[in-house]
Amino acid sequence: MPGQARAGVHFVEPLIFERGAPGRSGASVPPLDVPAADPRALFGDRFRDAPAALPEVSEPEAFRHYVRLSQANFSIDSNMYPLGSCTMKYNPKVDEHVARLPGFGKLHPYAPERMIQGALELMYRLERGLAEVCGLDRVTLQPAAGAQGELTGLMMIRAWHQAQGRSPKKVLVPETAHGTNPASCALNGLEAVAFPAGADGVVSADALAPLVDDGVAAIMLTNPNTVGLFERELPRIAQMLHDKGALVYGDGANLNALMGRTRPGDLGIDVMQFNLHKTFTTPHGGGGPGCGPVGYKKTLAPFAPTPTVERRDDGSYHLDFARPDSVGRLRSFYGNFGMMVRAYAYLREMGAQGLRAATDLAVLNANYLRAVLGETWHVPFDQVCMHEVILSDRNLKDTGVTTMDVAKRLCDYGFHPPTVYFPLVVRGAMLIEPTETETKETLDEFAAAMEAIRREAHEEPETVKTAPHLSALRRLDETRAARSPVLRWRPATEQSPAR
Ligand SMILES: *Cc1c(COP(=O)(O)O)cnc(C)c1O
């Protein structure tokens, strides 16, 4: 292998599912010492005539199979995972530990209030903590993802307008927005009106002014935005919207660049979602669970989802369902409680100074990569960035190597690729978010891998174009993998699946 390519964490062998032999077993059950029951009497014709055609394996075979599968996957516990806008930071294991404490982990969702006072107190305190971090009055913990938080916030905005006898339909959304922003508008019967950011990558209040009219319900802004830049005109923009009776929604997924330094509420944002699974250390990627709490100003409080967690004068906690103007319930029970425990543990562990230090380091790490990589890679917005930096493949134009090839080749170097081809405003974008949890040594290794790939692109482009070479699977047909996934193992000999 040329360069510094290494197998990294990837398992090089093909994944073999055909294992075991007839009669082999991983269980040892003592002989029956009671009369045998007739399963047919219990289960009727739901009882199988013959055993299922499953692999018969020993315990070590089964164990190794699953461990191998887990090793074929990439995770933040294996190496740097600079997936821009996704904040794949290391999740402290102490947060995992507390979320599994039986008093939290084994709570029954139907347990009566008097038996779950500790859980309610944790939710109450987490709400207060998050409200402080975002500079808003209250927070609902219910939404199960950032996208559902957006939906919740927009439902509250719509209800707020309706309570005043108005129903403006337009939501201004910059072209750099995460795809969930326009989707959340559409789900709410609102119309996303896309507008471009300025040439410097940030939204210009002057350019926006002509779009702000009586038909506008809100603007949705991501700050820092998805090219990693601080929206410095946000206070002016917010004033402009407020003057027209519209509200400001903040997509708070990128709070890892702000917390402890500045508060969205102080910048003019009225309602925003958090992504606890990004900033507040719940492991994520691979589909959930998520937790997307929504912070809001007092004026929006009547419309918040029900129930809210309230504290009585005697110090006890209860769930308040008596909220006639509420947009209703967004999620079964009270949301993904385990993630609330992790987030609360993280808040307490970090404290205000810790959160600020995390922000500072996240920004420093991104700027370090911007400076180092910027020596040879094209940096479209070459100014001080926030928590992430965007590169493009423009400097590789003569080699025929593209962003996708670079991403695949990074796998050979043991790194997860950055976010690619997003946001759309940068051609061949690579959005790199190192987060605060990576050391300088790791950042240097990543930069060295990028430099090696850049050299390969010029000297032996085929190596890059045919990557990855060291992973268990090569280039997948991603469309087919998504549209017709094979999720079930079938024995090679299975005749016709009667079940
Ligand atoms: C991740 C992200 C979202 C969506 O959050 P989910 O929890 O994946 O639904 C929205 N906006 C931005 C900017 C994000 O990075």
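Let's start at the ligand: a polar side-chain atom of lysine 278 sits 2.7 Å from one of its oxygen atoms. Keep in mind that this is a predicted model.

Aspartate 251 places a side-chain N or O atom 2.6 Å from a nitrogen atom of the ligand. Alanine 147 uses its backbone: a polar atom there is 2.8 Å from a ligand oxygen atom.

How much of the ligand's accessible area does the protein cover? On its own, the ligand has 380 Å². The protein covers 87% of that.

Now the shell. It has 13 residues around the ligand. Gly146, Ala147, Asp251, His277 and Lys278 are the closest. By class, the count is seven polar, three nonpolar and three charged.

Which elements give two or more residues to this shell? They are α6, residues 146-163, and α10, residues 276-279. The largest share comes from α6, with three residues.

Next, a helix pair. Helix α11 covers residues 337-373, and helix α13 covers residues 440-459. They pack at an angle of about 30°. Their axes are 11 Å apart. The crossing is right-handed.

Who makes the contact? From α11, we have Asn365, Tyr368, Leu369, Val372 and Leu373. From α13, Lys440, Leu443, Asp444, Phe446, Ala447 and Met450. Sorted by class, the contact of α11 with α13 has eight nonpolar residues, two charged and one polar.

To recap, with two class counts: seven polar residues in the ligand shell, and eight nonpolar residues in the contact of α11 with α13.

Note on methods:
Residues numbered from 1 in each chain as written. Predicted model: local features only at pLDDT ≥ 70, side-chain atom pairs only at ≥ 80, totals over all residues. Heavy atoms only, no water. Axes fitted to C-alpha atoms, helices over the stretch in contact; angles between N-to-C directions. Helix = DSSP H or I, 4+ residues; strand = E, 2+ residues; numbered from the N terminus. Left-handed = near helix turned anticlockwise from the far one by under 90°. Contact = heavy atoms within 4.5 Å. Nonpolar A, V, L, I, M, F, W, Y, C, P; charged D, E, K, R; others polar. Near = heavy atom within 4 Å. Polar contact = N/O pair within 3.5 Å; in protein donor to acceptor, adjacent residues only side chain to side chain. Areas by Shrake-Rupley, 256 points an atom, 1.4 Å probe, with all protein chains shown as cover.
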